[in-house]
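Please keep the structure open while you read.

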There are 2 protein chains.
Amino acid sequence: MKTIMIYNGPIYTLDSKQPVVRALAIRGERIIAVGNEGPVRAAAGSQAELIDLQGRAVVPGLTDAHVHIVLHGLARQQVRLTGCADYAAALDHIATAAQRLPAGAWLRGNGWDHTLWGGHWPTRTDLDRVCPDRPAMLSRKDGHSLWVNSRALELAGITAATPDPAGGQIQRDDQGEPTGILLETAMELVRAVVPPPTRAERIAALRLAIDEALSYGLTALHVPPATNPTDGPDTLIDLQTLYHTGDLTIRVLAHLAGAHLDHAIALGLRSGLGDDWLRIGGLKLFADGSLGSESAHMLLPYEGRDHTGIAVIPPAEMQEIVTRANAHGISVVVHAIGDAANRSVLDAIAAARATAASLALPNRIEHCQILDPHDIPRFAELNVIASMQPIHCTADMVMAERLWGKRCATSYAWRSLRAAGATLAFGSDAPVETMDPWAGIHAAVTRQTTDGTPDGGWYPEQRLTLTEALEAYCIGPTIAGADAERRGRLIPGMFADLAVLNGDPFQMPVTHLHTLHAELTMVGGKIVFNRTSR
Amino acid sequence: MKTIMIYNGPIYTLDSKQPVVRALAIRGERIIAVGNEGPVRAAAGSQAELIDLQGRAVVPGLTDAHVHIVLHGLARQQVRLTGCADYAAALDHIATAAQRLPAGAWLRGNGWDHTLWGGHWPTRTDLDRVCPDRPAMLSRKDGHSLWVNSRALELAGITAATPDPAGGQIQRDDQGEPTGILLETAMELVRAVVPPPTRAERIAALRLAIDEALSYGLTALHVPPATNPTDGPDTLIDLQTLYHTGDLTIRVLAHLAGAHLDHAIALGLRSGLGDDWLRIGGLKLFADGSLGSESAHMLLPYEGRDHTGIAVIPPAEMQEIVTRANAHGISVVVHAIGDAANRSVLDAIAAARATAASLALPNRIEHCQILDPHDIPRFAELNVIASMQPIHCTADMVMAERLWGKRCATSYAWRSLRAAGATLAFGSDAPVETMDPWAGIHAAVTRQTTDGTPDGGWYPEQRLTLTEALEAYCIGPTIAGADAERRGRLIPGMFADLAVLNGDPFQMPVTHLHTLHAELTMVGGKIVFNRTSR
């Protein structure tokens, strides 16, 4: 078995008994020693492979406790024209992307802005030149118009004779021929004929997204199922496919779709089945909608509105589902943004206790964005994980202020939850926000955007220390995944899941935390990302 | 990590490069060295815990590739009165068993024979004396009468006023009161009110059966689901329950019920999900019935009969199901006894190939009891595991001879299958037959019953050598379970799954092989059975 010794830099263990050490030895997939260089070198032996940190810092591998990993990869596979001010360069970019795609696949893109191109709309004929053989479809940055090529028009059956649909427009030239720009509802004519991504495209997207995750120092992911239940169980199939070919380089906890509860009960499948690379998580449910769409379910009306949002699964039904899931050994993982939604889930979990089977994984609430103060202690009391994404706080604080007003004092309430004994498990919600956990740690520690807004941080009393934020990315998710005895800290006997960073998080201004990334990432003692060898 | 050295006895590795060594070292859950005592001692180090074999032999842990483990445990939990010639002793035995059961549980038993008790039928009043508080029900050895107590009669609503059902009789005393003996169809009056075993009873049964398995040197089990699909997914739930409490001491591959294919597809569950302790196997299907009931499906009529048995799943439907399962990454595990049934499954697997996903586990046929000679090479060609139970051969050879005649030349055709390149995976089919793998090895090597019948063995050209039989219990099942690189042989890097035996199988007459058992059994480096400490 291979032995590796890492030395000559600060190694932050998240073990309260010895929080910083100077060396660490690994044999096979596990840590065998941590401490000062002398004793660790003795434990590693003279044959050990050496990794000289040259002063760089090491942290335990981070977990993203909420990431739509395949969707993120699929979004990344699209051609991104965001900020591209040169039409010819945009076309070159598209040409390159078109050549890389598998035969028959649609070219998809987004982010273009024709106001940067002298106000001239792009055309299908230009697109045909760089992407002649396959259908192409690129969304404008605002998502209100679509640029398509001739092959896409043909597949959608759009010709000069096609009438404009209600609420939309097929842009046409002097001869009445479609130019390749579809506005508003006319976009649906093409979208309706776009096939779902193939298995090969999904697997390629998953690989891409995992590589990105590893580049941040993430070593594990908690993955919701496809949001739309009609999408089927594709994410779990993708993950098993990668697992069985031996190509899964990051640990994954994969949740089940809420719509699939009866299937899981029929099979006798319980949360926690799997191994340290791929495991079945809980049942993903939706208690409400979102802040931006004012569909998060609130106890009192939105500021200046007369409505309280939407209970997607109303409380009585929530209680029925949670009770049935927990009684069959299936934990729940419930999306809840508004204070009413969070209360509904906590009530349901409390009610389910009487008949719950012994659960391998704790129940959890995803997002927990705004809480009534009375509900904050209930997370610890009911052993419910608070799975939160700190970047949502700084991305949405202006909107939150406007829609929730003074109630924001207990929004994104990390400090209050932690003080009340709750386990925080942090994540990204990518592709909704960036997957970068260092952007999340920056947000958690500063409650400011990266430009320093607002001064002193938004509701700064809810900020976390750097250690606390790291714990919420490293340890909290392992409590949620019931593998805290095996990973998340750098302690002998645990898996060697760790990241060598490009800087020392504890020796830099907190306003710079978002500039960190991994130089080298290791999962189970194997180097799965190495920036210098790229 | 703990280091153990085992030495001073023959260690049969099943590694063709060094089949017999004298010492073996283990660190944590894996083997780190095998060879002569000197070098192994050096590898183990001076701190190693020592296990002195005192000349006893070691073999790799065996796998039972077909065992109804919970059913076996439930059968074992019943009071067994087989051969008990003393009525008072039988009642004492029942009294002891009754005290051990959880509150409210039925007492169940079997095996009594009142001809050994002077021809006097046992009575409910005697049974009431030793089992007053709970209902009790004990089958006569022939299964044609049932001895019950007053509580059982009461629950079944049987009184002096109850008429005898058609085809049965409620035995009565001079006053017309039921005596506690129910004959033939009258037994159903009580059986209909017996609740299915509780979870606690099932878990207790499972523990009991696992302990028995370990006592033979078995370290892994392949477990079919409940035979009756209406029983639900209880076995998998039992196994997960034991797993999550950390009490699963044997490795298990658990198959899915055929009726659950759509649920597995909906969830995206594929064969192979799990870890080295508990993993999802394939989809259990039934191609035909059994030899004894003349429902095994044959190409030509049974000897002296005009029928060919029953295709439980007819060929066209078999092909549809196997194709659908394999296309979704789910392997099939098909019960097939008769030559027509085996052909049907092989045909279905061949047809499924065109659209099959990459399978983590190979397809397999369970039993393969009689094969048309043309089908024998197809197991290897189609990568189908021949999962067979050698004890069926010697238990059923007289009946086979009578019903299959000369066709028996290719029944239980281990040698022919092996010569044609098939992988043999041996098991017991317990509780149908004994779970003891040494009884199976004896049958495979001798093709005789333990009393030496018939002379020279039945179709002796199909016998296996001892090494080949051990390979079919140790290596074959690991090929079926896709874990042959991790266990099944004693090679450095593999799991320390092994058994210390009470004798040396290679130094005893083959007619004594069934007398072997384990003195000590280790799974993943942990001693999970130790006869001397019992």
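**Notes on the predicted model**

1. Start with the domains of one chain. The centres of domain 1 of chain A and domain 2 of chain A, taken over C-alpha atoms, are separated by 38 Å. The domain assignment places domain 1 of chain A at 107-191 and domain 2 at 199-521. Keep in mind that this is a predicted model.

2. Next, the symmetry. Two copies of a chain are related by a rotation about an axis and a shift along it.

3. The same surface serves both: 100% of the contact residues of chain B recur in chain A. Chain B brings 25 residues to the contact, and chain A brings 25 residues.

4. How much area is buried between the chains? The size of an interface is often given as the accessible area lost when the parts come together. Between chain B and chain A, about 2300 Å² is buried. Carbon and sulfur atoms give 67% of that area.

5. Then the pairs across the interface. The rule finds 0 salt bridges between chain B and chain A. It does find 5 residue pairs in polar contact across this interface, with both residues at pLDDT 80 or more.

6. Which elements of chain B supply at least two residues each to the side that touches chain A? They are helix 8 (234-244), helix 9 (261-267) and strand 15 (278-286). Helix 8 of chain B gives the most, with 6 residues. By residue class, the side of chain B that touches chain A divides into 14 nonpolar, 9 polar and 2 charged.

7. Last, the salt bridges elsewhere. Side chains of opposite charge can pair when their charged atoms come close. Over all chains, a search of the whole structure finds 56 salt bridges, while the interface of chain B and chain A has 0. One pair to look up is A:Glu188 and A:Arg191, whose side chains meet in a salt bridge at 3.5 Å, N to O. Both residues lie in helix 6 of chain A (residues 187-191). A:Glu188 and A:Arg191 are 3 residues apart, about one turn of the helix.

Technical notes: Residues numbered from 1 in each chain as written. Chains lettered and ligands numbered in written order. Predicted model: local features only at pLDDT ≥ 70, side-chain atom pairs only at ≥ 80, totals over all residues. Heavy atoms only, no water. Contact = heavy atoms within 4.5 Å. Buried area = accessible area lost by both parts, 1.4 Å probe. Salt bridge = Lys/Arg side-chain N within 4 Å of Asp/Glu carboxyl O. Polar contact = N/O pair within 3.5 Å; in protein donor to acceptor, adjacent residues only side chain to side chain. Helix = DSSP H or I, 4+ residues; strand = E, 2+ residues; numbered from the N terminus. Nonpolar A, V, L, I, M, F, W, Y, C, P; charged D, E, K, R; others polar. Domains from an automatic or database assignment.
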